[in-house]
Amino acid sequence: MGQPQQPDEAGAGAATAATAGAAVATGAGTAEAVTGSGNGAGATVTKPTLGVGMVGYAFMGAAHSQGWRTVGRVFDLPHQPVLAAICGRDGAAVRAAADRHGWAAAETDWRALIERDDVDLVDICTPGDSHAEIALAALAAGKHVLCEKPLANTVAEAEAMAEAAEAARARGRLAMVGFNYRRVPATALARRMVAEGRLGALRHVRVTYLQDWLVDPEFPLTWRLRKESAGSGSLGDLGAHIVDLAQYLAGERLAGVSALTETFVRERPLPVGATSGLSTVSSAGTGQVTVDDAALFTGRFTSGALASFEATRYATGRKNALRIELNGERGSLAFDLERLNELSYHDGAEPAAHAGFRRILVTEPDHPYLEAWWPPGHGLGYEHSFVHQARDLVHAIAEGREPQPSFADGLQVQRVLAAVEESAEKNSVYTPIAV
Ligand SMILES: NC(=O)c1ccc[n+]([C@@H]2O[C@H](COP(=O)([O-])OP(=O)(O)OC[C@H]3O[C@@H](n4cnc5c(N)ncnc54)[C@H](O)[C@@H]3O)[C@@H](O)[C@H]2O)c1
């Protein structure tokens with residue numbers, strides 16, 4: 001398994017867009033004329049297309065649709081993504097979603113989606129219980145895969161997926177897991193600064209991911225609250241994000257963890273009908289919550305740096321508060337997703353008389369991803385991370401190199417989550433992370 005935390009070219013601040021009409025590389029569809037794509041408004045360029053087929057059309061389906069729809073109009077890509085087909089199980093609903101989000105066709109069985117000749121890449125935006133089955137079938141069918149996080153519901157599933165991705169890579173087919181918070185310009189800039197050595201040796205990484213949508217005990221028992229569909233609760237949903245982000249920014253992996261988990265409300269009303277994202281309607285019956293509501297853990301990086309993590313859906317008043325701070329011997333960095341155009345930086349070399357945290361407004365063309373967007377000061381939002389995710393994946397496919405985070409990286413995060421669960425079950429005993 002390779003080291004996952006190398007900055008990609010955006011994170012490393014290298015040049016952005018590849019030349020329009022670049023040579024055809026692995027797994028793209030037929031070259032065809034694309035008019036007015038990318039930054040060459042009005043121009044007709046010939047570039048290979050990359051047919052995307054997406055499974056799931058609710059919260060992440062909408063976010064990924066936005067990414068695929070927008071990416072070729074903002075970045076000058078080597079391949080032109082085409083929104084070929086979208087899949088859901090309800091025919092009328094998936095056709096409506098196709099119209100709303102701009103997909104050319106709709107399917108009601110993901111197997112049919114995978115078989116389509118116009119689909120080069122399968123984008124999995126379903127709950128975790130279907131990730132492994134869909135990804136394995138798509139890779140076996142010779143498609144590239146983008147899979148939402150967490151990669152799987154169990155380590156065993158994630159191992160099978162990483163193994164299949166490794167085999168597919170030998171055939172020129174690539175797989176990536178959707179840890180989109182790496183693709184916020186400020187976090188990519190933070191990675192670049194850590195890689196440049198601005199913090200020196202790391203001592204602490206402090207991360208919290210706080211939401212509050214479960215505070216109401218009458219909130220229904222959606223798929224996120226069932227182990228068989230979600231794998232785990234706040235741990236897999238929010239904890240997976242912050243484990244990946246912490247390791248990515250630190251540029252190293254966790255060696256072991258010590259954890260506490262809790263399920264505060266163990267029985268909830270059953271939902272009525274389809275649930276989408278975080279919203280639904282409840283009925284009279286009730287069912288058991290079978291996942292954690294909150295997970296707190298400490299960890300040790302391989303370098304000896306110490307980390308703390310908090311993932312909860314019970315932080316009353318906190319909506320999507322992902323905060324991370326890194327303290328090194330030479331400086332510190334801090335990021336808050338609720339102020340995502342900003343990065344706080346303290347340079348320990350500055351004279352004490354006027355040293356302190358300063359705010360970097362991450363909107364300059366020199367900042368990762370921002371050469372293609374708006375003038376300085378005109379900020380970006382949550383959805384742009386999905387545009388950047390699509391951009392990085394298209395470049396990796398065109399260049400035939402493994403995208404990051406790879407399925408191997410997703411597997412390693414899954415092992416961290418499993419170690420957290422094991423530690424919590426054993427009275428918080430320090431639990432090494434399997435390699
Ligand atoms: N990257 C992020 O920031 C982020 C945010 C939220 C969710 N997620 C992840 O995205 C995934 C989906 O979460 P969501 O919030 O979009 O869920 P959601 O409930 O909003 O949507 C799930 C979709 O999958 C569809 N679906 C379920 N089983 C299916 C099947 N067998 N065949 C076809 N369609 C099927 C549902 O109909 C629905 O359209 C999960 O893995 C979740 O952890 C990631």
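User: Why does the ligand lie between domain 1 and domain 2?

Analyst: This is a predicted model, where local features need pLDDT of at least 70, side-chain atom pairs count only at pLDDT 80 or more, and totals for chains, interfaces and linings use all residues. Residues are numbered from 1 along each chain as its sequence is written. Domain bounds come from an automatic or database domain assignment. The ligand lies between the domains because domain 1 (31-180 + 391-406) and domain 2 (182-374 + 414-432) both give residues to the shell around it.

User: Which residues come nearest to the ligand?

Analyst: A residue is near a molecule or strand if its C-beta atom, placed from the backbone, lies within 6 Å of it. There are 24 residues around the ligand. Those that come nearest are Gly56, Ala58, Phe59, Met60 and Glu148.

User: Which element gives the most to the shell around the ligand?

Analyst: Helices (H or I, at least four residues) and strands (E, at least two) are DSSP runs, numbered from the N terminus. α1 (59-74) and β10 (267-276) each supply at least two shell residues. The one giving the most, with three residues, is α1.

User: What is the bridge partner of Ser344 in β17?

Analyst: Two strands pair if DSSP finds at least two bridges between them. Four bridges join β16 (residues 342-347) to antiparallel β15 (residues 331-336), and there Ala334 stands opposite Ser344. Four bridges also join β16 to β17 (residues 358-361), again antiparallel. In β17, the partner of Ser344 is Arg359.
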